[in-house]
Amino acid sequence: MWLHVYCTRAARGRACSPAGFSDTLSRIRHQRARLPVSSTFRDDFVIDSRDYEEFSRFLSECCGLVLGDSRQYLVSSRLSRLLDEFGYKSVPELLHAMRQAPNPRLRTRVIDAMTTNETSWFRDGFPFEILRHVLLPERAEKGAGIKVWSSGCSSGQEAYSISMVVSEWEESRPRRVVPVSIMGTDLSEKILDDARRAVYDGLSIVRGLSEARRARFFETVAEGHRVRPEIQRRCRFQKLNLIDSYAALGKFDIVFCRNVLIYFSAETKRQVLDGIARQMNPGGYLFLGASETAGPYTQAFETVRTEYGSVLRLKG
Ligand SMILES: C[S@@+](CC[C@H](N)C(=O)[O-])C[C@H]1O[C@@H](n2cnc3c(N)ncnc32)[C@H](O)[C@@H]1O
């Protein structure tokens, strides 16, 4: 029996996308289930332990990502498509090609394939409440502009959510507004293109957005729902690998680095957190993901509790 699957463009999340579906099938195959599926990808490809180790080392060196021990199914599924597309017969051949004659397109495609870009609007809620009710008013009191960094911004939902909060805050504030700029950075070029396009399909538009915000901050276009220009104008997007230097970005008052550190080793977490601390203005604030902490890796931050939840502040 053949199972034919059609994934619509509307399915932005990996679980529903063709890539996500293929990952899931590989996992099922690993669990010895028998489910023949018609696919344009090689469905017999499984990376062996030695190649997996070598590939993991490559990924950790070039972008800090740690694959862990049990993700062979995922790597096999994602790499099989690239092996087909670029005409390589094995993972060592692919790694050799990337190391010998740097091919930026191939390297970009491999990294894009291995990043997890899961995101949503106003993810976890409380950071945006703290931003709105505590940080923006406090920073505005100082009178200067406010610079925000959405680090590991994925397809832009985090940066645009911040910009929406700023618009709502400005409206409620009778006194002079201060300029707010938002820099979104990510490792994946493909996902940054999506962020710059600022057009979202019917599924991703409902993840975390109230109806009121959907109506207010989006316009309907042929391809989906586009973030309105007044929200886009505060945001810029730039490619940045967090294991490289980011001194050229300048200094920020508020940093979101949410659900990014979880993919790194302890040593990379320490380097990234210290690097972020160096890019912050005195008294700057840092939001990490709900399952992430800074304490074991750096002493640069202290926890500040607010009635909306906790945030980290640069010490000193
Ligand atoms: C799970 S998403 C989180 C998106 C958003 N911050 C959120 O919380 O919804 C993680 C993002 O980090 C990016 N990323 C992973 N490794 C990175 C690195 N070395 N440098 C910069 N970005 C990286 C991925 O491309 C991905 O878009």
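Two strands are taken as paired if DSSP finds at least two bridges between them. The model discussed here is predicted. Its open sheet consists of seven strands in the order 6-2-1-7-8-10-9, with mixed pairing.

**Sheet**

- Strand 6 (235-239) and strand 9 (301-306) stand at the edges with a single partner strand each, so one side of each has no neighbour in the sheet.
- On average, neighbouring strands of this sheet are turned by 25° against each other, direction ignored.
- Five bridges join strand 7 (residues 252-257) to strand 8 (residues 280-288), and the two pair in the parallel sense.
- Valine 255 has leucine 286 of strand 8 as its bridge partner.

**Helices packed on the sheet**

- Helix 7 (residues 157-171) packs on the sheet and touches strand 1 (146-151), strand 2 (180-186), strand 6 and strand 7. The direction of helix 7 makes about 170° with that of strand 2.
- Helix 11 (residues 266-278) also packs on the sheet, where it touches strand 7, strand 8 and strand 10 (309-314). The direction of helix 11 makes about 140° with that of strand 8.

**Helix 3**

- Helix 3 (residues 72-86) comprises 15 residues and reaches 20 Å from its first C-alpha to its last, close to the expected 21 Å.
- A kink of about 25° in helix 3 is centred on leucine 79.
- Leu79 is also among the buried residues of helix 3, which include Gln72, Leu74, Val75, Ser76, Ser77 and Ser80.

Key: Residues are numbered from 1 along each chain as its sequence is written. This is a predicted model: local features need pLDDT of at least 70, side-chain atom pairs count only at pLDDT 80 or more; totals for chains, interfaces and linings use all residues. Helices (H or I, at least four residues) and strands (E, at least two) are DSSP runs, numbered from the N terminus. Axes are lines fitted to C-alpha atoms, for helices over the stretch in contact, and angles run from 0 to 180 degrees between N-to-C directions. Two residues are in contact if their C-beta atoms, placed from the backbone, lie within 7 Å. The expected span of a helix is 1.5 Å times one less than its number of residues. The bend at a residue is the angle between axes fitted to the seven residues ending there and the seven starting there. A residue is buried if 20 or more other C-beta atoms lie within 10 Å of its own, exposed if 12 or fewer, and partly exposed in between; C-beta atoms are placed from the backbone.
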